[in-house]
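Here are a few notes to read with the model open beside you. Take them one point at a time.

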Amino acid sequence: MSTTEQPREPAAEPRPRPPAPAGVSPASPAGRLAATVERLRREVRTAQAEAEGRALIELAKGILVERLGCGPAQAARQLTELAEQAGVTPLEFAVEVINQAARDRVAEVTDAFLTAAAEPSGRDSAVRLRTAESGALAANDTQAVADSLLQHALQPLGAVAVAIWAAGADGSLTLAGSAGFSPAEAARWRYVPPEVATVARRGLTERTGQWFSSLAGTGLPTIGRHVHPDGGRVAVPAGTGGRIHGVLEIAWPKPLPPQPPRVVRQVEALAELCAHTLDTHPPHQAPGQEPRVLPDAAELMDLADGLHDPALVLVPHLDGSGQLVDFRIQHVNSRFLDPAGRPRAVINGALLLEAYPMSAGRSELFQQVERVYATGEPFRAHRMQLTALVDQVSLSAVADISISRHGNSVLLIWRIEDETARLASLLQHAQRLGRIGGFEENLLTGEITWNDELYHLYGRAPVPLEELPAHAHPDDAVTIGRFLRTLLHHRRPASAAFRLQRPDGVTRHIRVVAEPVLDTDGRPFVVRGAYQDISAQHWTEVALAATRDRLAHTEQQATERSRLALQLQRAIMPPAQAPLRVPGLEVAVRYRPAETEHLVGGDWYDAVVLPSGLVLLSVGDVAGHGIEAATSMVVLRNALRGLAVTGAGPGQLLSWLNIVAHHLTGAVTATAVCALYDPRRRTLRWARAGHLPPVTVRGREAAALPLIKGMLLGAAPEADYEEAEVQFAPGDTLLMYTDGLIERRGRPVEESLAHLLAAAGGAPRSLDQQLELLLTYSRSDTDDDTCIVGIRVG
């Protein structure tokens with residue numbers, strides 16, 4: 001009995017005893033138990049590796065038996081001798097024998113991977129990949145392929161689960177096989193409808209592979225996400241020959257760091273292996289689910305012939321290495337129209353890029369066909385620009401495009417837009433938006449043609465031009481008569497606007513434009529024209545005219561009110577006033593109206609000698625402008641004069657004046673300064689109601705009087721006002737003013753007051769000159785009235 005000679009393996013070296021756990025003595029029972037467990041675990045891993053290696057060695061021996069025509073024993077010896085000559089282990093040499101013997105696309109992927117993997121661990125990766133390949137080729141369905149991939153190739157990379165998705169022609173995804181996920185989770189994710197965003201669909205649409213370091217933050221649902229919410233995930237398209245059959249999705253339990261190129265290439269090789277598996281083994285069908293039967297090219301050609309739109313049936317055209325390079329036009333239906341006008345016989349059987357070389361240009365039609373063939377997701381586009389290059393002449397057309405995959409073929413439908421029909425549609429939209437209706441009237445036969453918009457405008461059957469006055473407003477009879485004479489008798493184009501009275505009682509404003517068409521004898525035989533509904537425009541013009549009238553009337557009223565207010569103000573407050581004669585006291589006043597007469601304000605001043613011999617000095621400013629402010633100023637100024645004869649002090653006078661402002665003048669508000677000067681004692685008692693303080697000038701030093709309490713007039717029903725007294729010396733000057741003297745836009749009051757003090761403390765001059773200087777060099781820019789009262793003690 002012959003025995004099979006096994007390949008010799010190098011003698012195993014003595015294995016060191018595994019260390020005991022920290023804190024545990026190796027001689028203790030716990031230490032010996034831990035060492036035993038570690039030794040058994042290592043032996044199990046070694047046995048698994050040896051079993052995998054034996055499977056590959058047995059496969060290589062079978063190849064040698066078939067190639068050399070020898071028995072198993074001779075094949076084993078030959079394998080051992082060749083491995084020794086090559087300086088590699090029998091397992092590594094067995095992988096090389098299998099690669100050389102394999103003639104399928106999977107072996108080519110493995111060769112490319114082994115050539116690119118230059119890292120020290122490249123041979124280990126090759127062994128794992130070939131082991132996974134052997135399991136996939138021996139498997140009888142995609143589920144077994146998923147189990148083999150996870151066990152032999154992905155678990156050494158740290159992955160815990162794998163899912164193989166099959167892409168449907170409608171863009172759906174079916175879970176063809178999975179490993180590492182629970183049966184309930186796999187059943188829940190058995191089918192993903194089209195257009196549902198998942199991790200697998202991202203890998204399908206991107207076509208370059210999606211590597212997610214962590215699912216956290218992506219927001220994409222996927223199988224097993226709740227088990228490892230922060231784990232890494234990879235979705236790589238599985239395709240061959242330019243067509244994507246599905247997606248390989250791999251799950252890691254923890255965040256996935258950036259992987260080296262060898263791991264990326266290994267995963268891509270596994271994805272291509274899955275593509276062959278999906279092409280060979282159809283996805284597992286769920287219970288009760290009918291398998292989808294995809295039509296072949298012949299059935300798709302019959303389908304194209306039954307369509308009412310131009311259609312082409314495309315089949316993939318591969319090069320010698322199996323790569324997709326173009327699509328061949330397998331069939332064109334009878335309704336197909338070439339943009340360049342070529343017959344269908346020229347197009348049928350040609351390559352797509354040969355017949356339409358510009359389809360890979362701006363329109364990207366070829367790229368869309370390629371994507372649909374690869375992913376199975378249909379494509380729709382409205383008004384895509386198509387370009388055909390024929391005899392160095394570029395021809396363009398606009399079409400609606402529809403692309404879908406059916407089995408291994410692609411159906412391309414384009415509806416080339418008719419330029420004439422498009423322009424007619426644009427004209428119809430323009431007529432509808434402009435409310436324009438066209439007509440044509442044959443004067444010889446009486447035949448009248450109206451479009452739909454004109455029927456809508458008239459609300460009746462066509463009306464001859466000669467009967468137009470009967471359907472218009474009687475007042476427009478002269479206008480319509482002139483229009484008809486110009487058109488029919490003078491034979492010239494004419495237009496007119498009239499009021500159309502519809503049968504439903506509605507009156508519309510219409511503009512009609514028409515021109516006659518003359519025969520060879522110069523006589524009109526056809527009239528063409530258009531009616532336009534201008535009712536909206538007419539009523540807009542009427543509304544604008546009414547608005548202009550109201551604006552003109554309002555402006556006239558405002559001008560009249562401003563003129564009256566200015567006359568009233570200047571009658572009471574003249575710009576200049578005769579000097580006040582008081583022994584030992586020089587008094588001067590100045591008033592400057594606002595530069596804009598429409599902003600007549602409520603500023604006032606007063607300087608009068610009372611029966612008691614005291615001099616009443618006051619300035620004030622009523623809030624607002626116009627005639628209301630001017631009349632309120634008159635009331636307050638005269639009221640203060642009348643109250644001053646009672647002999648009360650300035651604080652009491654302002655209290656009474658506050659009652660007048662709040663109750664007797666329509667609740668106006670105002671600011672004021674009231675002062676009583678005693679010529680005998682040269683003292684000034686003063687009070688303020690929200691007004692700027694007076695300024696005193698002694699020599700060349702100017703200073704504002706300290707502020708005292710006092711709220712503005714009219715703000716409250718009752719108010720008390722504080723008084724203060726100032727002692728003057730001969731030559732001193734007092735200035736009382738309204739805010740129009742110093743107020744400036746965008747500047748604080750303190751800055752403007754400082755400028756006033758600097759100007760008032762200049763070189764000595766007469767009181768009149770000083771007031772004129774202050775008005776001339778005032779920095780106010782608010783177009784407000786300005787009042788100044790100045791006294792100088794003699």
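1. Some ground rules. Two strands pair if DSSP finds at least two bridges between them. Helices (H or I, at least four residues) and strands (E, at least two) are DSSP runs, numbered from the N terminus. This is a predicted model, where local features need pLDDT of at least 70, side-chain atom pairs count only at pLDDT 80 or more, and totals for chains, interfaces and linings use all residues. Residue numbers start from 1 along each chain as its sequence is written, and side-chain values use heavy atoms, with hydrogens and water left out.

2. Now find β26. It pairs with β27 (residues 786–793) over five antiparallel bridges, and Y737 has I788 of β27 as its bridge partner. Strand β23 (residues 695–698) is also antiparallel to β26, joined by three bridges, with V697 opposite T733.

3. Is β26 enclosed or open? Five of the five residues of β26 (733–737) are buried, so the strand is largely enclosed by the rest of the structure. (Buried means under 20% relative accessible area, exposed over 50%, partly exposed in between, with a 1.4 Å probe and protein chains only.) T733, L735 and Y737 point one way, while L734 and M736 point the other.

4. Next, the open sheet of six strands: its order is β3-β2-β1-β6-β5-β4, with antiparallel pairing. The edge strands, β3 (191–192) and β4 (210–212), each pair on one side only. Strands β1 (residues 161–167) and β6 (residues 243–251) share six antiparallel bridges, and I164 is partnered with L248 in β6.
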